[in-house]
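Dear colleague,

I am passing on the structure that I promised you, and below it you will find my notes on what came out of it. Please read them beside the coordinates.

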Amino acid sequence: MASNVERQLVVFDFDWSMADQDTDRWIFEVLAPDIRRKMKTLKDDIQWTDLIAQSLEELHGRGATREQIEHTLKIMPFHPAMVRGVTKLKEASNPTTTFFCLSNANSVFISTILESKGLQNLFEEIVTNPAHFEPSGLLKLRRRVDPAGPQHTCQVGCSPNMCKGEELEAFLKRHQPGFDRIIYVGDGTNDFCPVLRLRSQDMVLCRRFRGLERRIAKEGEVEGLKCQVKYWAGAWEVEEIFGNL
Ligand SMILES: [Mg+2]
Ligand SMILES: [Zn+2]
């Protein structure tokens, strides 16, 4: 491993990468499985963030409270080794590590979970869909990119609302000078675009058996993937990789 790394950036997807579950689905699996079933039926017809916003309204209409939603988030699977791994890496000073969260979940889901793990100060920035609780207890969610305004122009198959590749480049522009090394932790098909933009000294920590692994296998070579690829299945392996950096 290169020893001239002074500043490194760790980019985290949230669902199934930092956390061991998918927040959007978990909430409904726990609180209203029939809404979860309905989401499966509607997901090809309604944009995903809109579908979650609509499902949250339905949940609210049935009397689900803010406390129930927060509790459900706090008990979502989250590996202690992930907490240890990122905490240790953040404390280390040579190299220094900046953490950036890039997720298509939402700000309330992510901040509630991070706080429950004592990780509320981990990330320099969290780029995700905006959400807030209204006084009534409704969790109001909006797309990050207003559907009425200009959309992203990505060509590598990013879903509407978020191109994580463009978001990563925008973050790097906001945080000059650049980083000697970028480590991207992800699992999903929408993590492929930012990973394509990494350089040869960068690294993707790709979770096994999910969409990102399939896209790297199928499209990595044709699309000119340049970064190193390390695979992991359990968070204890991410902790191990962080420890050996
Ligand atoms: Mg994910
Ligand atoms: Zn993209």
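A residue is called buried here if 20 or more other C-beta atoms lie within 10 Å of its own, exposed if 12 or fewer do, and partly exposed in between, with the C-beta atoms placed from the backbone. This is a predicted model, in which local features need pLDDT of at least 70 and side-chain atom pairs count only at pLDDT 80 or more, whereas totals for chains, interfaces and linings use all residues. Residues are numbered from 1 along each chain as its sequence is written, and chains are lettered from A and ligands numbered from 1 in the order in which they are written.

Overall shape

The chain holds 11 helices and eight strands, where helices (H or I, at least four residues) and strands (E, at least two) are DSSP runs numbered from the N terminus. Its radius of gyration is 18 Å, which agrees with the value near 18 Å that a compact globule of 245 residues would have; the radius is taken over C-alpha atoms, and the globule rule is 2.2 Å times the number of residues to the power 0.38. The C-alpha trace spans about 55 × 35 × 35 Å along its principal axes, and 36% of the 245 residues count as buried. Two residues are in contact if their C-beta atoms, placed from the backbone, lie within 7 Å, and of the contacts with a separation of 6 or more, 67% are between residues 24 or more positions apart.

The core

A nonpolar core is a set of buried Ala, Val, Leu, Ile, Met, Phe, Trp, Tyr and Cys residues joined through C-beta atoms within 7 Å. The largest such core has 58 residues, of which Val11, Tyr184, Val185 and Val204 touch the most other members, and helix 7 (residues 107-116) supplies the largest share of this core, with five residues. Leaving aside residues up to four places away in sequence, Val204 touches Tyr184, Gly186, Val195, Leu198, Cys227 and Val229.

A helix pair

Two packed helices are described by the angle between their axes and the distance between the axes. Helix 2 (residues 23-31) packs against helix 5 (residues 66-74) at an angle of about 115°, with the axes 10 Å apart; axes are lines fitted to C-alpha atoms, for helices over the stretch in contact, and angles run from 0 to 180 degrees between N-to-C directions. The residues that make this contact are Thr23, Ile27, Val30 and Leu31 from helix 2, and Gln68, Ile69, Thr72 and Leu73 from helix 5. By class, the contact has five nonpolar, three polar and no charged residues, where Ala, Val, Leu, Ile, Met, Phe, Trp, Tyr, Cys and Pro count as nonpolar, Asp, Glu, Lys and Arg as charged, and the others, Gly among them, as polar.

Loops and backbone features

Asp20 sits in the loop between helix 1 (14-18) and helix 2, and it counts as partly exposed because it has 16 C-beta neighbours inside 10 Å. Its C-alpha atom is separated by 5.1 Å from that of Phe78, although the two are 58 residues apart along the chain; apart from residues up to four places away in sequence, Asp20 touches Pro77, Phe78, His79 and Ala235.

Two cis peptide bonds deserve a look. One runs from Asn94 to Pro95, with omega near 0°, and Pro95 is placed in the loop between helix 6 (80-91) and strand 2 (96-106). Another joins Gln176 and Pro177, with omega about -5°, and Pro177 lies in the loop between helix 8 (164-174) and strand 6 (181-186). Pro95 is also touched by Arg7, as are Thr96, Phe179 and Asp180, not counting residues up to four places away in sequence; Arg7 belongs to strand 1 (residues 7-12).

Positive phi values also occur in residues other than glycine: near 85° in Asn161 and near 70° in Phe209. Asn161, in the loop between strand 5 (139-141) and helix 8, is buried because it has 20 C-beta neighbours inside 10 Å, whereas Phe209, in the loop between strand 7 (203-207) and helix 10 (211-223), has 10 and so counts as exposed.

Gly157 likewise lies in the loop between strand 5 and helix 8, and with 12 C-beta neighbours inside 10 Å it counts as exposed.

With best wishes
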